[in-house]
Amino acid sequence: MMATSWVCVSPNGDSQRLNLDTLKKDSMTYKIEKTEEEWKALLGEEAYRVLRLKGTERPFTSEYETLWDSGTYVCKGCGQELFTSETKFDAGCGWPSFYQSIDKTRVKEIADYSHGMSRVEVVCSACGGHLGHVFNDGYGQPTGLRYCINGVSLGFRKK
Ligand SMILES: [Zn+2]
C-alpha cells in the first residue's frame, strides 16, 4: 500500500524570514520525555504519526480548521498552551492556521529540509511534538506569519 504524503507549502513562493542554517537541528532534549510505547498509548495512531513521527494530517480533515470558538489551543502531547483563538485565521490551506503563538517560548523552530524543500518546522517546546510549519508569506496579519498546524497535534479548551 502506498502512503500518501501531505505537505503544507506556501502557494505564492515563500520567502522565509529565517536563515535555516541558523536554526537548530532537532537533536535537543525536552522537559517531557516518554518512550515510543508510552507516546503511542497516550496519543493513538494518527496523533502519534503526526506528533512523534513528524507526519502531516490530510488537509481539510481537522475539526479545528473551521472552529472559530473562543479558547486556547494546547499541545495534544503534553497540554502546553500554544495558540489562542484570537490569532487564528482562515488561510484556506486546509490546516488550522495562526499568525502567532502565545509566546515565543512555547514553540521551537527547527530547520526542515525534508521533501526537497527548505521550511521551518515548529514543535512544542515542552515535549518536542511536531506541530507543523511556519511560513512568512504574508497570509497571517498583522505579523505576516502563518503557523500551519496539524489539528491532530492540538487540543482545544473552550473559553
Ligand atoms: Zn507538547
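These are my notebook entries on what I looked up in this predicted model.

**Ground rules**

I number residues from 1 along each chain, as its sequence is written. The model is predicted, so I take local features at pLDDT of at least 70 and side-chain atom pairs only at pLDDT 80 or more, while totals for chains, interfaces and linings use all residues.

**Overall layout**

I started with the secondary structure and got two helices and nine strands. Helices (H or I, at least four residues) and strands (E, at least two) are DSSP runs, numbered from the N terminus. Read from the N terminus, the order is α-α-β-β-β-β-β-β-β-β-β. Then I checked burial: 35% of the 159 residues count as buried. For that I call a residue buried if 20 or more other C-beta atoms lie within 10 Å of its own, exposed if 12 or fewer, and partly exposed in between, with C-beta atoms placed from the backbone.

**The six-stranded sheet**

I traced an open antiparallel sheet of six strands, in the order S3-S4-S8-S7-S6-S5. Strands pair here if DSSP finds at least two bridges between them. S3 (88-89) and S5 (107-112) are at the edges with a single partner strand each, so one side of each has no neighbour in the sheet. I also looked at S4 (residues 97-98) against S8 (residues 146-149): they are antiparallel, over two bridges. In that pairing Ser 97 sits opposite Cys 148 of S8.

**The three-stranded sheet**

The other sheet I went through is open and antiparallel too, with three strands in the order S2-S1-S9. S2 and S9 (154-158) are its edge strands, pairing on one side only. S1 and S9 are joined over five bridges, and Gly 71 faces Lys 158 in S9.

**Cores**

Next I went for the nonpolar cores, meaning sets of buried Ala, Val, Leu, Ile, Met, Phe, Trp, Tyr and Cys residues joined through C-beta atoms within 7 Å. The largest has 27 residues, and Tyr 147 and Cys 148 are among those with the most contacts inside it. S1 (71-75), S2 (81-84), S5, S6 (119-124), S7 (130-135) and S8 each supply at least two residues of this core. S6 gives the largest share, four residues. I listed the contacts of Tyr 147 (C-beta atoms, placed from the backbone, within 7 Å): leaving aside neighbours within four places in sequence, they are Ser 97, Phe 98, Ser 101, Val 122, Gly 132 and Val 134. A second, separate core has six residues, including Leu 43 and Leu 51.

**Glu 81**

I found Glu 81 in strand S2. Glu 81 is partly exposed, because 15 other C-beta atoms lie within 10 Å. Beyond its neighbours within four places in sequence, Glu 81 contacts Thr 72, Val 74 and Ile 102. I also noted Arg 106, which is 25 residues from Glu 81 in sequence and 7.5 Å away in space, C-alpha to C-alpha.

I checked the peptide bond from Gln 141 to Pro 142 and it is cis, with omega near 15°. Pro 142 is in the loop between S7 and S8.

Lys 54 has phi near 55°, a positive value in a residue other than glycine. I placed Lys 54 in the loop between H2 (45-51) and S1.

His 115 also gives a positive phi, about 55°, without being a glycine. His 115 is in the loop between S5 and S6, and it is exposed, because it has 11 other C-beta atoms within 10 Å.

Conventions. Contact = placed C-beta atoms within 7 Å.
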